[in-house]
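Biologist: I would like to learn how side-chain features are read from a model. Please take me through them one at a time.

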Amino acid sequence: MLPVGCGCPALLRLRRLRRRPEIAACPVLRGLGQETFETARSLCCDFSQRDARNGEGERKEAQKKVPGAEALPSLPPSVRGVRTRCLSSLESLRLPTPREESPPREHEDSSGDQGQSDPALPALARSKSEVGELHPSSSWSSSREEEPFRAGELILAELGKRETQFKKLFRLSNAGHLNSSWGTVPFSDIVGKFPGQRLRSSSGKHLMLKRPSLEDYVLLMKRGPAITYPKDMTMMLMMMNIHPGDTVLEAGSGSGGMSLFLSKAVGSQGRIISFEIRKDHHELAKKNYKHWRDSWKMSHIEEWPDNVDFICKDISRATEDIKSLTFDAVALDMLNPQVALPVLYPNLKQGSICAVYLANITQVIELLDGIRVCELALSCEKISEVIVRDWLVCLAKPKNGILAQKVEPKINADLQLHSQNKTRIEGEMFQEDDHEESYSDFPYGSFPYIARPIHWQTGHTAFLVKLRKFKPHLN
C-alpha cells in the first residue's frame, strides 16, 4: 500500500474538492467511495514504483557507458509510517547541481500535517559533490593573461580628441623617449605598464598605450607601394573562402600587408607563396612580416606562423617555380593581372577563386578583355567596391569648452490643464484603470550629442574582382 504522503496530483486535487462543503453535496463526487480512492492510490504507487525501477536501470546503463565513474548513491527504501514518495524516472535522473538549492516541499495529507522532512533529501544532498566531480564545469582558464610591456615589442600610442586622432607606432626600448607633437614620454615609464593605461606626456596630454592589432599595424607600418586596406582584404578573404591548411598564391607582395592577412587565414598548416618583381618592395615586405612576428612572439604564448615564402621574381616567368604546386586560391595585386593569369591558371584548382585587387575601373575592363582573348575558363562572379563610413558621436561642446545643456521646452499652462481635464473625462467614460507608466515621468536629457559622419573619410581604394575557375563544355 502507498505511504501516507504519496499520490498523484490529480488524486490530491480530487480529495481536496471532496472536503469543500459546497462541492461535497455533488451526487457525482458523493458516489466516489473509499474503494475508488484506494484503487487510484494503488495504481499511482504501482506506476511510481515501476518508474523508479526503470530509473535505476537507466542509471546502471549510464554508469556502464562512463568507465571509471563512481556509482551514485541510491535512494533509501521506503519506511512504513514515514512520509516518503516514489521518484519517477525523470526525477531520479535529474539530480540537483552543486549550486542549486531546492526549496522545501510542502506535503498535504488528509489530516493537514506539515513540516516533516523527506528522508530522500539527505541522499540527494550527498550526491551533489559526486555529481560535481563527475561533470566538472568547463572553464576558459587556459586563456593567457595580459603581459606588461617589454622592451623590443611594438606599442601603439593614441590620443583621441573628438574626430582628430593622433596615432604613432613605435618599438619600445629600455632607453629613449616617445617624441610627438603632443609631448614626450620616457620609455622607462612605459616598460612594465599594462595595455590600456594612460600616461601623461611632457605637455600635459594623456596618451593611451596599447598593443596594435593587425589592422593597426598594416595601416601604420612602413610602406613602399600603396597597401591593401584591411577593409578590402577582409572582403577578398571572404571571396576566396580560405580555410586553415590551404595553399595560396599571392602575386604582388607590396609592403606585406596582404601577406600578413593571408598568413593568419591559412594558419600554421597552410602555405603562402608570394611573388614580387621589385627588389626594394620584396625586402620591405619581408622586413614588415618579420617585425610583426617578433613582436607577436613577445606578448603571446603561441608564435605567429612562419608560413610565407617571399620570392623576388616576375610571376609571368615563374612557370617552373609553381609547376609542382596546386593552389586553393589566388590573390593578385598587380598592374596587369591579365598577364599572370595564363601562367597560374593550370595550377588553380577547379572551382577555386582568383581574387584581383585593382585601383581603376579601366583595369577591370582590361582584365575581363584579357580573359576573353586568352579563352580562359574563368567566370567573373562579382565586382565590388567596399565603402566604410565612420561616424562621430560625442557630447556637443562649444568653443569656450563648456558643455551646452539641452533647453527643455516650456509647456503652456492652459494647454496642460485642458489636456488633463480631457484625460479625466475620457477615463470616466470608459471606466478603465490605466496603470501604464507615463513617458513624461522620464527626465529630459541633460546634454545634447553630436551624431554625424566624421569629416575625414577613407574613400575609394580599389575594385575587387572575383573570378572562379570552371570546367568548360566540350564541343
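This is a predicted model: local features need pLDDT of at least 70, side-chain atom pairs count only at pLDDT 80 or more; totals for chains, interfaces and linings use all residues.

Biologist: How many aromatic pairs does the structure hold?

Modeller: Rings of Phe, Tyr and Trp (its six-membered ring) pair if their centres lie within 6.5 Å; planes under 30 degrees apart count as stacked, over 60 as edge-to-face and the rest as tilted. By this rule there are 6 aromatic pairs in the structure. In one of them, the ring centres of Tyr 217 and Trp 292 are 5.1 Å apart and the planes meet at 35°, so this pair is tilted. Tyr 217 belongs to helix α8 (residues 214-220) and Trp 292 to helix α11 (residues 279-299), so the pair ties together parts that are 75 residues apart in sequence. Helices (H or I, at least four residues) and strands (E, at least two) are DSSP runs, numbered from the N terminus.

Biologist: Are Tyr 217 and Trp 292 buried or exposed?

Modeller: Buried means under 20% relative accessible area, exposed over 50%, and partly exposed in between (1.4 Å probe, protein chains only). Tyr 217 and Trp 292 are both buried. A further aromatic pair, Trp 296 with Trp 304, is edge-to-face, with 5.1 Å from centre to centre and 75° between the planes. Trp 296 is partly exposed at 24% relative accessibility, whereas Trp 304 is buried at 5%. Tyr 217, Trp 292, Trp 296 and Trp 304 make up one aromatic cluster.

Biologist: Which residue lies over the face of Tyr 345?

Modeller: A charge sits over a ring if NZ of Lys or CZ of Arg is within 6 Å of the ring centre and within 35 degrees of the ring normal. Over the face of Tyr 345 lies Lys 469, at 4.4 Å from the ring centre.

Biologist: What does Ser 384 touch, leaving aside residues up to four places away in sequence?

Modeller: Contact means heavy atoms within 4.5 Å. With those sequence neighbours left out, Ser 384 touches Met 239, Ala 462, Phe 463 and Leu 464. Ser 384 is part of strand β12 (residues 378-384) and is buried, with a relative accessible area of 14%.

Biologist: How many salt bridges are counted?

Modeller: Side chains of opposite charge can pair when their charged atoms come close. A salt bridge is a side-chain nitrogen of Lys or Arg within 4 Å of a carboxyl oxygen of Asp or Glu. The count comes to 16 salt bridges. Among them, Lys 231 and Asp 232 meet at 3.3 Å, N to O, and both of these residues are buried. Asp 294 and Lys 290 form another, at 2.9 Å; they lie 4 residues apart in helix α11, about one turn of the helix. Asp 294 is partly exposed, at 31% relative accessibility.

Biologist: Where do Arg 372 and Asp 369 lie?

Modeller: Both are in helix α13 (residues 361-374), 3 residues apart, which is about one helical turn. Arg 372 is exposed at 57%, while Asp 369 is partly exposed at 38%. Elsewhere, a network of salt bridges links Glu 158, Lys 167 and Lys 210.

Terms used:
Residues are numbered from 1 along each chain as its sequence is written. Side-chain values use heavy atoms; hydrogens and water are left out.
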